[in-house]
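Me: Got a structure open here and I'd like to talk it through. Can you walk me through it while I click around?

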Amino acid sequence: MVDEKGKNMKCLTFFLMLPETVKNRSKKSSKKGNSNSSSSKLPPVCYEIITLKTKKKKKMAADIFPRKKPANTNTTAVQQYHQQNLNNNNTIPAPNWQGLYPTIRERYIYCDEIDLAADTVLATLYAAKKYIVPHLARACVNFLETSLSAKNACVLLSQSCLFEEPDLTQRCWEVIDAQAELALKSEGFCDIDFQTLESILRRETLNAKEIVVFEAALNWAEVECQRQELTATIENKRKVLGKALYLIRIPTMALDDFANGAAQSGILTLNETNDIFLWYTAAKKPELQFVSKPRKGLVPQRCHRFQSCAYRSNQWRYRGRCDSIQFAVDKRVFIAGFGLYGSSCGSAEYSAKIELKRQGVILGQNLSKYFSDGSSNTFPVWFEYPVQIEPDTFYTASVILDGNELSYFGQEGMTEVQCGKVTVQFQCSSDSTNGTGVQGGQIPELIFYA
């Protein structure tokens, strides 16, 4: 089908994805002559799954590519495959015959530019998997990986397991672990299935407070009640959570979080609430069904960009000016905060406004205080949530300090630093108005998860 401009071709339809039972029901209803009554019960059909674009007039693939043997065809494998069919008296090719051909061109299937969209990519991936079009499936997975964020990581985790895409699954876990609180608070978390909920609640490396995990589970339970057409009462929420409730590590919460949150939620029985209070306070602790061991979380890595540090009586001074540096990484990481120098004249307290920007757009910021003990150590200052950093793109790290005007500063700065499996490059920033650059200054450390 070609639109009015003659530029777009619809190559896949939603009808291909319908279960055979739905197709058969449609056929049976048409034979009975009750098309009006039966069709109203069927779900609406969306015919647009993927749009293929080209600048030239569309032709059949057989017209575009002559019937000649491609140079890069795995001829031996194909011949062996067909010979095996003959030996087994198979006259009909097996359904995975396309897998023997490395490119789309060799399958004589429509082939133009793939134009994917967020609202159709999962449906397209389903169709590509079902009809064995690996090139299209890979394109869908790549699209999902590049659009992956804390907002959709939980939903994509569920889908990646369904489609058996281990690489995408691993990417989802990386985001969920590092940005756990954002992922758990997202709307997409409430859309996951029960099995995915259990796997997340079991996760040892979640970087989240347990009260956030608890509240997210209750939000999921409320939506699940609606899906099951149940009234969202406390009893029904507990019912849909089932044994998953005990995967929440309630005894590891801060006592204030438990007393003001979980203990008053109503989701726990009186005996459970009493036992957990005793577990907090009693010398002889009762046995609990809940896991009482805190999650390990993720261990932050530190990228130190200076080889030495120093101090002088006439510097380093601040007075509201900005210290800034640009950096880029070769792998996706999550910046959790910066390590900063403190006073060179004894212990002191600083107020720090930290920012992380990309092309002038603020991705993360925080205003906090930290205490320095007069040593040349670095002191961590954290963002509220870790910020996802994409590879091969320069970001700007900035800080404005208010406190003792004489502090340590870095020297012998490096333009490239290897931190585990991550390579970090540094360059000077035009935002820096206090003298910080690649060779020396403030912001000696980037703190990140990878």
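Me: Let's start with α12. What covers its buried residues?
Reply: The cover includes α10 (194-202) and α11. Bear in mind that this is a predicted model.

Me: OK, and which residues of α12 are buried?
Reply: Asn236, Lys237, Val240 and Leu241 are the buried ones in α12. Looking down the helix axis, they fall within an arc of 135 degrees, so they line one face of α12.

Me: Why would residues three or four places apart point the same way?
Reply: An α-helix has 3.6 residues a turn, so residues with that spacing point the same way.

Me: What's exposed on the face turned away from the buried side of α12?
Reply: Glu235 and Lys239 are the exposed residues carried there.

Me: Back to the cover. How do the axes of α11 and α12 cross?
Reply: Helix α11 (residues 210-227) and helix α12 (residues 234-241) have axes that come within 9 Å and cross at roughly 100 degrees. An angle from 65 to 115 degrees counts as roughly perpendicular, and α11 and α12 are therefore roughly perpendicular to each other.

Me: Which residues make that contact?
Reply: From α11 you have Ala217, Leu218, Trp220, Ala221, Glu222, Glu224 and Cys225. From α12 the contact uses Asn236, Lys237, Val240 and Leu241.

Me: How do they divide into nonpolar, polar and charged?
Reply: The contact of α11 with α12 has 7 nonpolar residues, 1 polar and 3 charged.

Me: What is arginine 238 in contact with, leaving aside neighbours within four places in sequence?
Reply: Arginine 238 contacts Leu245, Tyr246, Ile267, Leu268, Thr269 and Glu272.

Me: What follows α12?
Reply: Glycine 242 comes after α12, and its phi is positive, near 60 degrees.

Me: Which residue has a positive phi although it is not a glycine?
Reply: Glutamate 229 is one of them, with a phi of about 60 degrees. Glutamate 229 sits in the loop between α11 and α12 and counts as exposed, at 74% relative accessibility. Aspartate 392 also has a positive phi of about 60 degrees without being a glycine. Aspartate 392 is in the loop between β10 (379-389) and β11 (395-402), and it is exposed, with a relative accessible area of 65%.

Me: Switching topic: which residues touch the most other members of the largest nonpolar core?
Reply: Phe189, Ile200, Phe214 and Ile250 do, in a core of 62 residues. The largest share of this core comes from α11, with 10 residues.

Me: Going back to Ile200, what does it touch?
Reply: Not counting residues up to four places away in sequence, isoleucine 200 touches Cys154, Leu157, Trp173, Leu184, Phe189, Ile192, Leu206 and Arg295.

Me: Next pair: how do α6 and α8 cross?
Reply: The axes of helix α6 (residues 134-146) and helix α8 (residues 166-178) come within 10 Å and cross at roughly 5 degrees. Angles under 35 degrees count as roughly parallel, and α6 and α8 are therefore roughly parallel to each other.

Me: Which residues make the contact there?
Reply: Val141, Leu144 and Glu145 come from α6, while Asp167, Leu168 and Arg171 come from α8. They divide into 3 nonpolar, no polar and 3 charged.

Me: Last bit, the whole protein. How many helices and strands?
Reply: The protein has 14 helices and 15 strands. Of its 450 residues, 42% count as buried.

Technical notes: Residues are numbered from 1 along each chain as its sequence is written. This is a predicted model: local features need pLDDT of at least 70, side-chain atom pairs count only at pLDDT 80 or more; totals for chains, interfaces and linings use all residues. Side-chain values use heavy atoms; hydrogens and water are left out. Axes are lines fitted to C-alpha atoms, for helices over the stretch in contact, and angles run from 0 to 180 degrees between N-to-C directions. Helices (H or I, at least four residues) and strands (E, at least two) are DSSP runs, numbered from the N terminus. Angles under 35 degrees count as roughly parallel, over 145 as roughly antiparallel, 65 to 115 as roughly perpendicular and the rest as oblique. Contact means heavy atoms within 4.5 Å. Ala, Val, Leu, Ile, Met, Phe, Trp, Tyr, Cys and Pro count as nonpolar, Asp, Glu, Lys and Arg as charged, and the others, Gly among them, as polar. Buried means under 20% relative accessible area, exposed over 50%, partly exposed in between (1.4 Å probe, protein chains only). The arc is that of the directions from the helix axis to the C-beta atoms. A nonpolar core is a set of buried Ala, Val, Leu, Ile, Met, Phe, Trp, Tyr and Cys residues joined through side-chain atoms within 4.5 Å.
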